[in-house]
Amino acid sequence: MTTATLSGACPECETDLTVPPVVQGETLSCPECLLTLRVEEITDGRLTLEMVEVQLRDWGQ
Ligand SMILES: [Zn+2]
(Lines give C-alpha, C1' and ligand atoms only; values in the text may rest on other atoms or scores of the structure.)
Protein backbone atom coordinates (compact mmCIF):
# COMPACT_ATOMS: atom_id res chain seq x y z
CA MET A 1 0.00 0.00 0.00
CA THR A 2 1.39 3.29 -1.06
CA THR A 3 0.46 6.74 -0.04
CA ALA A 4 -0.39 8.82 -3.06
CA THR A 5 -0.60 12.06 -1.21
CA LEU A 6 0.71 13.60 1.94
CA SER A 7 -1.17 15.83 4.28
CA GLY A 8 -0.28 18.51 6.73
CA ALA A 9 -1.53 21.72 8.19
CA CYS A 10 -0.32 25.23 7.57
CA PRO A 11 1.31 26.54 10.75
CA GLU A 12 -0.03 29.98 10.02
CA CYS A 13 -3.68 29.59 9.02
CA GLU A 14 -4.15 25.92 9.96
CA THR A 15 -5.53 25.05 6.57
CA ASP A 16 -5.35 21.35 5.85
CA LEU A 17 -3.07 20.76 2.95
CA THR A 18 -2.97 17.68 0.77
CA VAL A 19 0.00 17.59 -1.51
CA PRO A 20 1.63 15.17 -3.91
CA PRO A 21 4.60 13.30 -2.45
CA VAL A 22 7.36 15.69 -1.51
CA VAL A 23 10.69 15.20 0.14
CA GLN A 24 12.10 16.68 3.28
CA GLY A 25 13.44 20.15 2.72
CA GLU A 26 11.15 20.86 -0.18
CA THR A 27 9.07 23.98 -0.12
CA LEU A 28 5.48 24.56 -1.06
CA SER A 29 3.10 27.40 -0.65
CA CYS A 30 -0.10 27.53 1.29
CA PRO A 31 -3.06 28.16 -1.04
CA GLU A 32 -4.81 30.11 1.68
CA CYS A 33 -2.29 32.53 3.11
CA LEU A 34 0.31 32.12 0.35
CA LEU A 35 3.11 31.62 2.81
CA THR A 36 6.09 29.57 1.76
CA LEU A 37 6.34 26.44 3.84
CA ARG A 38 9.23 24.05 4.14
CA VAL A 39 8.83 20.35 4.80
CA GLU A 40 10.67 19.72 8.03
CA GLU A 41 9.63 16.16 8.59
CA ILE A 42 7.46 13.46 7.09
CA THR A 43 5.97 10.93 9.46
CA ASP A 44 3.51 8.32 8.25
CA GLY A 45 2.30 10.52 5.43
CA ARG A 46 1.91 13.48 7.72
CA LEU A 47 3.93 16.60 7.04
CA THR A 48 5.51 18.84 9.57
CA LEU A 49 5.64 22.24 7.95
CA GLU A 50 7.69 25.21 8.92
CA MET A 51 7.09 28.73 7.80
CA VAL A 52 9.89 30.09 5.71
CA GLU A 53 10.76 33.67 6.35
CA VAL A 54 11.30 35.10 2.94
CA GLN A 55 13.98 37.67 3.29
CA LEU A 56 13.33 40.53 1.02
CA ARG A 57 16.58 42.15 0.18
CA ASP A 58 16.87 45.84 0.04
CA TRP A 59 17.78 46.30 -3.57
CA GLY A 60 17.66 50.03 -3.24
CA GLN A 61 20.90 50.30 -1.35
ZN1 LIG B 1 -1.66 29.08 5.38
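Predicted model: local features only at pLDDT ≥ 70, side-chain atom pairs only at ≥ 80, totals over all residues.
1. Strands S1 and S2 form a hairpin with 6 residues between them, and in its turn Glu14 has a positive phi of about 65°. Strands here, like helices, are DSSP runs numbered from the N terminus, with at least two residues (E) asked of a strand and at least four (H or I) of a helix. Two strands are said to pair if DSSP finds at least two bridges between them.

2. Residues are numbered from 1 along each chain as its sequence is written.

3. The protein chain holds 0 helices and 5 strands, and read from the N terminus its elements run β-β-β-β-β. The strands make an open sheet of 5 strands in the order S2-S1-S5-S4-S3, with mixed pairing. S2 and S3 are the edge strands, each of them pairing on one side only. From one strand to the next the twist averages 40°, where axes are lines fitted to C-alpha atoms (for helices over the stretch in contact) and angles run from 0 to 180 degrees between N-to-C directions.

4. The pairing of S1 and S2 is antiparallel and extends over 4 bridges. Within this pairing, Gly8 stands opposite Leu17 in S2, and Ala9 has Asp16 as its bridge partner in S2.

5. On the S5 side of S1, the sense of pairing is parallel: strand S1 (residues 6-9) and strand S5 (residues 46-51) are joined over 2 bridges, and the bridge partner of Ser7 in S5 is Arg46. Strand S4 (residues 36-43), by contrast, pairs with S5 in the antiparallel sense over 6 bridges, with Glu41 standing opposite Thr48 in S5. S4 and S5 also form a hairpin that has 2 residues between the strands, and there Asp44 takes a positive phi near 50°.

6. Leu34 is found in the loop between strand S3 (27-29) and S4, and with 9 C-beta neighbours inside 10 Å it counts as exposed.

7. Leu17, which lies in strand S2, counts as partly exposed because it has 19 C-beta neighbours inside 10 Å. Leaving aside its neighbours within four places in sequence, Leu17 is in contact with Ser7, Gly8, Ala9, Cys10 and Cys30, a contact being two residues whose C-beta atoms, placed from the backbone, lie within 7 Å. Leu28 is 11 residues from Leu17 along the chain, and the C-alpha atoms of the two are separated by 10 Å.

8. Thr5 lies in the segment before S1 and is exposed, with 11 other C-beta atoms within 10 Å. Not counting residues up to four places away in sequence, Thr5 touches Thr18, Val19 and Pro20. Thr5 and Thr18 are 13 residues apart in sequence, yet 6.4 Å apart in space from C-alpha to C-alpha.

9. Finally, the overall dimensions. The radius of gyration of the protein chain is 13 Å, whereas a compact globule of 61 residues would have one near 10 Å; the radius is taken over C-alpha atoms, and the globule rule is 2.2 Å times the number of residues to the power 0.38. Along the principal axes, the C-alpha atoms fill a box of roughly 55 × 20 × 15 Å. Buried residues make up 8% of the 61 residues. Among the contacts with a separation of 6 or more, residues 24 or more positions apart account for 24%.

How values were computed:
Buried ≥ 20, exposed ≤ 12 C-beta atoms within 10 Å, placed from the backbone.
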